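Biologist: I have a model open and would like to learn how to read it. Can we take a few features in turn?

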Amino acid sequence: GAPPLPAPALVDPCRKYLRAVLPLHATEPARAATRAAVAAFEAAEGPALQAALLARDAALPRDSSYIESLWYEHAYLSGRDPVAVGSNPALLLRLEPWAESAPLWRAATLASAAGRWQLAFWRGELELDVARDGSARCMATLANVLGTARIPKPSCDVLATASESRHIVVLRNGRLFELPVISLQGEAMAPSELLCALTAIRNAADKQRERGFTPGLLTALPRDKWAAARSTLCATSARNEKSLCAVNEALLVLVLDQSAPSSTAEALHDSLIAPVANAADRWYDKLQVIVFENGEAAVNFEHAPIDGAQILRFIDDVDSDARKFGPPPASASATALAEDPAANTPAQPDTQNGLEQERKSGEVLERELEKYAATALQWDVTLALADAILSANMSAAQLRSGVKSTMIRLEGWTSARSRKAGLGLDPLMQTAFQLAFCLAHPLAGVSGREAAGSADGGGGGGGGGGV
């Protein structure tokens with residue numbers, strides 16, 4: 001990675017500020033007043049603030065920097081609104097021609113490819129990131145792509161990364177399942193193995209008559225409410241804390257969504273904010289790979305630990321790797337894609353025997369999960385937690401109702417055309433969004449994003465939520 005950015009001397013940002021602001025003044029008196037204000041700052045409160053900044057910088061880990069910690073805290077982690085929509089972006093993957101009839105196979109290939117990507121990162125085998133001018137880009141933040149979670153805390157959240165995680169969490173019908181994708185021997189699980197495991201998970205999740213406790217909904221709450229609910233969740237039992245830990249330390253959350261969007265625009269919308277019927281099938285505090293029933297696949301990611309460059313690198317690598325497996329083999333299509341072992345349990349004629357049948361069916365499904373090392377996460381629920389789920393359900397519905405989306409396709413505008421114009425796609429799109437906002441709200445003003453305002457337009461920054 002690149003060396004940490006040192007804290008600048010007080011005079012440096014003051015000079016940069018003047019260089020940026022003075023041309024905006026129309027008169028010399030205005031420019032003189034600005035110069036005087038900067039000089040007064042340098043002589044008065046500036047030195048004390050500089051000393052506080054240097055002290056903060058000295059207390060940080062050696063691989064961090066003053067601007068990184070401040071950026072995390074003030075740009076993302078101290079925000080108290082729900083991260084869904086407001087912070088989390090969503091990206092739709094290219095649709096495979098065979099995926100509509102084999103969504104679980106697509107999920108299995110993506111999960112297997114994610115495991116291989118993480119192994120390649122650990123082993124230093126990922127191809128070097130290179131900028132347009134041929135210089136190497138810092139790849140240190142790729143460590144935050146997988147295994148990272150945003151943890152809700154009062155006033156300001158924190159980030160936690162499980163650097164040795166080997167499992168994912170699968171989310172279906174509001175239920176969460178822990179599933180290893182990297183073996184203890186350091187090998188990524190094959191798609192065929194994961195297909196069988198995902199089939200068992202799907203059958204177990206869909207067999208449940210009622211959803212029960214669905215903690216994924218809590219991640220759609222405003223952050224302070226989610227922090228309070230999480231505190232209650234952990235205080236209720238050690239089992240709850242263990243289950244939360246399994247989610248937070250997972251490489252990613254794989255969502256097996258039960259809906260089938262009818263268009264690309266609808267798929268993008270449902271990837272950004274879940275349909276009301278499936279609102280429990282999201283965990284917005286982590287990177288999520290969402291696979292719909294019709295084979296559409298998307299990524300929704302928590303923005304704080306990673307920017308656009310890192311997530312696009314991950315998606316390009318993983319999607320390309322997953323595509324190499326092609327459509328499901330005939331053996332998989334004939335068995336694991338539709339097989340439900342519990343369906344073979346003989347039907348019982350009366351209520352008592354019917355309950356016995358349901359118990360035996362559940363035991364069969366449990367054995368299937370154990371066979372593939374999948375574990376259903378368990379929760380102990382109190383009335384306070386049940387009330388929090390009701391509140392979260394309403395919050396998710398309000399978020400969904402407040403979002404209207406459409407899709408605009410810019411025919412002929414490609415990355416090659418952007419490079420020829422000397423402008424990266426990321427700053428180009430961010431500048432377009434800012435211009436659109438200014439035209440729609442001329443009195444509101446707009447803040448510049450780092451990628452849009454960078455000197456070379458290299459596109460290193462991340463986009464806004466849901467773009």
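**Reading the model**

Modeller: Start with helix α15, where Pro-427, Leu-428, Gln-430 and Gln-434 are buried. This is a predicted model.

Biologist: How many residues has α15, and what length does it reach?

Modeller: Helix α15 covers residues 425–440, which is 16 residues. From first C-alpha to last it reaches 22 Å, close to the 22 Å expected at 1.5 Å a residue.

Biologist: What is the mean pLDDT of the chain?

Modeller: The mean is 87, and 87% of the residues reach 70 or more. Over residues 451–467, however, the pLDDT is below 50. That stretch still has 54 contacts in the model beyond near neighbours in sequence.

Biologist: What is the order of the strands in the open sheet?

Modeller: Strands of a sheet pair through backbone hydrogen bonds, either parallel or antiparallel. Here seven strands follow the order β1-β8-β7-β6-β4-β5-β9, with mixed pairing. β1 (90–92) and β9 (375–376) are at the edges with a single partner strand each, so one side of each has no neighbour in the sheet.

Biologist: How many bridges join β1 to β8?

Modeller: Three, and the two strands run antiparallel. Leu-91 is opposite Val-299 in β8.

Biologist: Is Arg-223 buried or exposed?

Modeller: Burial means under 20% relative accessible area. Arg-223 has 0% relative accessibility, so it counts as buried. Arg-223 belongs to helix α7 (residues 223–236).

Biologist: With which side chain does the side chain of Arg-223 make a polar contact?

Modeller: With that of Asp-157, at 2.7 Å. Leaving out residues up to four places away in sequence, Arg-223 also touches others, including Arg-80, Asp-81, Arg-150 and Asp-285.

Terms used:
Residues are numbered from 1 along each chain as its sequence is written. This is a predicted model: local features need pLDDT of at least 70, side-chain atom pairs count only at pLDDT 80 or more; totals for chains, interfaces and linings use all residues. Side-chain values use heavy atoms; hydrogens and water are left out. Helices (H or I, at least four residues) and strands (E, at least two) are DSSP runs, numbered from the N terminus. The expected span of a helix is 1.5 Å times one less than its number of residues. Buried means under 20% relative accessible area, exposed over 50%, partly exposed in between (1.4 Å probe, protein chains only). pLDDT is the predictor's confidence in each residue, from 0 to 100. Contact means heavy atoms within 4.5 Å. Two strands pair if DSSP finds at least two bridges between them. A polar contact is a pair of N or O atoms within 3.5 Å; within protein, one must be able to donate a hydrogen and the other to accept it, and residues adjacent in sequence count only if both atoms are side-chain atoms.
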